[in-house]
Each structure stands twice: as structure tokens, then as C-alpha cells.
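Please keep the sequence and the structure in view while reading.

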Amino acid sequence: MNELPGTRSLWLDTAPAPDRTGTPLPLEADVVVLGGGIAGLTTAYRLARAGRSVLLLEAGRLAAGVSGHTTAKLSTQHGLKYASLAKTKGTEAAATYAYTQAAALDWIAAASAELGIDCGFTRADSFVYTTKPETVESLEREAEAAAEAGLPATYVSDVDLDVPALGAVKFAAQAHFHPRRWLLGLADEIEKTGGTIVEGVRAEGVDELGGTRVRTGSGEVRAGEVVVATHYPVFDRGLYFARLDPVRDLVVAGPVEGNRPPQGMYLDADTHHSVRGYLDEGVPYAIAGGEHYRVGDSVDVESRYERLASWAGEHAGVRRVTHRWSAHDLSTLDSVPYVGRYHPASRHLWVATGFGQWGMTGGTAAGLLLADLLTGRDNPSAGLYDPNRFDLRSALSSVENNATVARFLVGDHLSALRKPASLDDLVPDEAKVTRDGGELVAAYRDPAGELHAVGAHCTHLGCLVAFNNAEKTWDCPCHGSRFGLDGSVIQGPAVRALPKKGAR
């Protein structure tokens, strides 16, 4: 295996986009959508087609965040989802979830053909397999539950992948595609329909009283409705920070030995390693994912990339890694996304978040549901996805999740205070969170010897950030905010940068 390249998504590398950062900010719109990923763009497109005046605001670039850093599997097979859903929420809920995800997949198939968006949409079978005897029974139960939910699921004894599989759940006729080409195509259609898209403008607040207004760094916009589709809800009303668990999943991609990429999509039920094939301009790639960890956890991310690359070489024939990136996933307390009214009292503020590792169908389903809710169309799945639902099991999960947050909040502070280190002692390519005088700073000395120092407290709720040695970012372990070396916000819920502390 070759030396790993710098972190860069295959999707961003192979789909250039026009610059929309200079687009003037309108004073008002029927609907303001925050976030230019798959949920936001789907919502905006459907509402624009329904005759609403739509403004979509993206703090960075379209489809360059979470939706541009995915394995891009379009599948209703979401791990071992349906047996669990049937057990915790009932068979009707499992069937409703299955229907919405299948409808999302079919909508992308139909819309990409109708609109002529060349996004490499390709049908393929999907498999969840195991190499462990003790997991076989779980797979058999999953196949039965998924079939009962109305999905094309069967149990099979083997998979066409170089792994010692003992059995698998097969979902027939799923799909994969190029996510950024699809989303950039949707963006073009939004503008053709009269919608406005503005990049490089971050929403800083929403006022719900006396008429809904969105405050940004470039001015204020009056809105009839506001949809927050920023992956992590950036406003703390609704307590989403206490109800979402942030995880990062690593991805590597490269040409396949013998020019034979995997024919299907495969996920190991136990290790969560996954792989699927992709053909780009005649070059067959394998895209492998796995080695997930909680955002900001003190782990050696670079070593995890190396393990994943080794696995991809051994089991998927990747002869050299040409691209690597990481996916940012948020899971809800009950593993069903939050889509609907932002909080119980909101009338014009909406949210879509918590797609776990299945944002391609999940985000699309969210956009279809939100478009229905905002245009007054009945959608029987609204209750399942209601962000304000409550059950005892979710309450217990919330307690466990927030105990983890408290551990990071207290433990990381004690560690940094107990072992202060001089910033002058940092060697090239070393990072440290430490006390410098009377404050805690996050410092990194780059290979050229320049020191980059910023405040170490996340601007969301004050947890200490941790260094990601693969992507050279400061990540918050409490709620998943991520910052660049200069303190700039890469991902929320934080909306303010870490303050710079100067260089030396």
C-alpha cells in the first residue's frame, strides 16, 4: 500500500462547482433554507417547484460538507435497522420508515432521469454480512423483519467479496451515485425555478417573535418559514445538543486490482467496515469506510486511516489509495431522524437532522417530508419523525449520552490543567491543549515551525477541543463542532470561531 495522500474527498475532486459566494442576499423570501447538503437542497427544490420563493444559505460551499464526504450509498438497508425498529417501535413504525426510505431512493432515480442530471446513478444489491457465528441469528431476524416491512430483503449464505462470510442479509436493486453531481444539478434546477442560492453566508440567529427573521453576517432576511438543515442544528432551542451523538467514519478510495471493482455494496455487521465499487471516467474504484470514533475523542486518527487502507487492500483489491476523507454522522436517541417542527412552540421554524450513517436516503426523505409539511400536504410519516417525540428509552439514552459529555467536559479540563506544557516546547507537527498563562489554549506547530494557537474552549458550550492529527482540525468531543487551525468553524453546532491567541 502506498503512502496515504492528504485528506480530500473523491466527490469534491471530481465535481467542480460554480462560485455562488457573490450572490446578493435578498431582503425576504417565503422560505429560507439553511444548509446546502442533501436535506436542504431537496427541501429547497421541492418548495421552489411548488411555487414558493426560496432562499438557500450555505456557510461554506454547496455539497462540500457532510454530503460531500459520504460513501454515497443509496440504500434502504441501514445496517440491522428493521428488527430493532420493530422491537422498539412496532412493526407499523418499521414499515413506515422502510416506505419513506424506499420512496426517497425511487424519487432520486426518477428525478435524476427527468431532469437529466448525470450523477452516475447505478442499481446494485446491498449486503450486511457477518464472519462471526454468533451474529448469524441476528441477520436471519433482520431479513425477516425487513421483508415484513415491505423491502426486497432475503437471507443468503454468502457474498461476492473476499471475506469469510457466514451469511448475509441481501437487499435487491438498491443504488449508488455521485452525490455532489446530483446535488449541484439540483442547485441548478432551484435557480432555474426562481430560487436564490447564496454561499459563504453563515446564519447567526433566528428571531421567531414578531415575524420570522434570519440574522446573518451579511444582513437580515425576513422569512415566512425557516428550515434548519445544517446537519447539526445550529440554534440551541430544542436541546438538540443533548439528543444527538456525533461520530466520524473514515473513508478511503482507490483503483481496484485487476480493474474489477465490487459489484454490490457490503457492510460487516460486526466491524462496520464497508465497501462499494464506483466507476469514474473508466477508472474502477473501491470506496471503503469504517474505523468510526466519537468526534473529538483522543484517538490516533492517522493510524485508523492506515488500518482502513490495509483492510481495503486485503478485502477489496485497492492497490493504492488516491483519496481519503471522513464522514460526520449524527445519531438520534432512538435511531430515527428528527424531521419537523424545531421545538413544540415553533410555528415557522423547522429542522432535519440525525440521519446516522444513512444520510443519502435519510436526507432525501427529510426533504420530501418537510416540503409536504410546509405546503400543507398530508404525510403519514410525520409522527414517526417528529423531533418532539418522547419515550422512556430515549430519556435513558439521553442520560447516558450526557454522562459522556460530562466526562469530557470535566476530565479534559483536569488533564490539561494537571499537565501544563510550554508552547515553545512544541516540535513540528505536534499539537497540545494546555495552560498558557491564565488560560487554556489549543496549539499546533506546523511542519514549517509556525505555531498556530487558538482558544481551547468550544464556542458552543465550552468543552475543550481535541486535535485530529489526520485532518489537522480541532474537534469538540461534546457535541461535534470542528474548527480549523485558525479557529474558523468547519462544522457546528458552534457558529463562532475559536479566538486566535497569536503565533510565536
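R377 is partly exposed in this predicted model, because its relative accessible area of 39% lies between the limits of 20% and 50%. Its side chain meets that of D372 in a salt bridge, with 2.8 Å from N to O. D372, by contrast, counts as buried, because its relative accessibility is 12%, which is under the limit of 20%.

**Salt bridges**

Side chains of opposite charge can pair when their charged atoms come close. In this model, the number of salt bridges comes to 25. The table lists three of these pairs.

| Pair | N to O distance | Relative accessible area |
|---|---|---|
| D372 and R377 | 2.8 Å | D372 12%, R377 39% |
| E189 and K192 | 3.3 Å | E189 14%, K192 64% |
| D429 and K472 | 3.2 Å | D429 41%, K472 27% |

Where do E189 and K192 lie? Both residues belong to helix α6, which spans residues 179-192. Because they are three residues apart in that helix, about one helical turn separates them. E189 is buried, since its relative accessible area is 14%, whereas K192 is exposed, with a value of 64%.

The salt bridge between D429 and K472 has an N to O distance of 3.2 Å. This pair links distant parts of the chain, as the two residues are 43 residues apart. D429 is found in the loop between α10 (392-418) and β18 (430-436), and K472 is found in the loop between β21 (466-468) and β22 (473-475). D429 is partly exposed, at 41% relative accessible area, and K472 is also partly exposed, at 27%.

Salt bridges can also join into a network: D207, R213, R215 and E220 are linked in this way.

**A contact between two helices**

At what angle do helix α3 and helix α4 pack? The angle between α3 (residues 82-89) and α4 (residues 91-115) is about 135°, and their axes are 6 Å apart.

On the α3 side, the contact involves Y82, L85, A86 and K89. On the α4 side, the residues are T91, A93, A94, Y97 and A98. Seven residues of this contact are nonpolar, one is polar and one is charged.

Key
Residues are numbered from 1 along each chain as its sequence is written. This is a predicted model: local features need pLDDT of at least 70, side-chain atom pairs count only at pLDDT 80 or more; totals for chains, interfaces and linings use all residues. Side-chain values use heavy atoms; hydrogens and water are left out. A salt bridge is a side-chain nitrogen of Lys or Arg within 4 Å of a carboxyl oxygen of Asp or Glu. Helices (H or I, at least four residues) and strands (E, at least two) are DSSP runs, numbered from the N terminus. Buried means under 20% relative accessible area, exposed over 50%, partly exposed in between (1.4 Å probe, protein chains only). Axes are lines fitted to C-alpha atoms, for helices over the stretch in contact, and angles run from 0 to 180 degrees between N-to-C directions. Contact means heavy atoms within 4.5 Å. Ala, Val, Leu, Ile, Met, Phe, Trp, Tyr, Cys and Pro count as nonpolar, Asp, Glu, Lys and Arg as charged, and the others, Gly among them, as polar.
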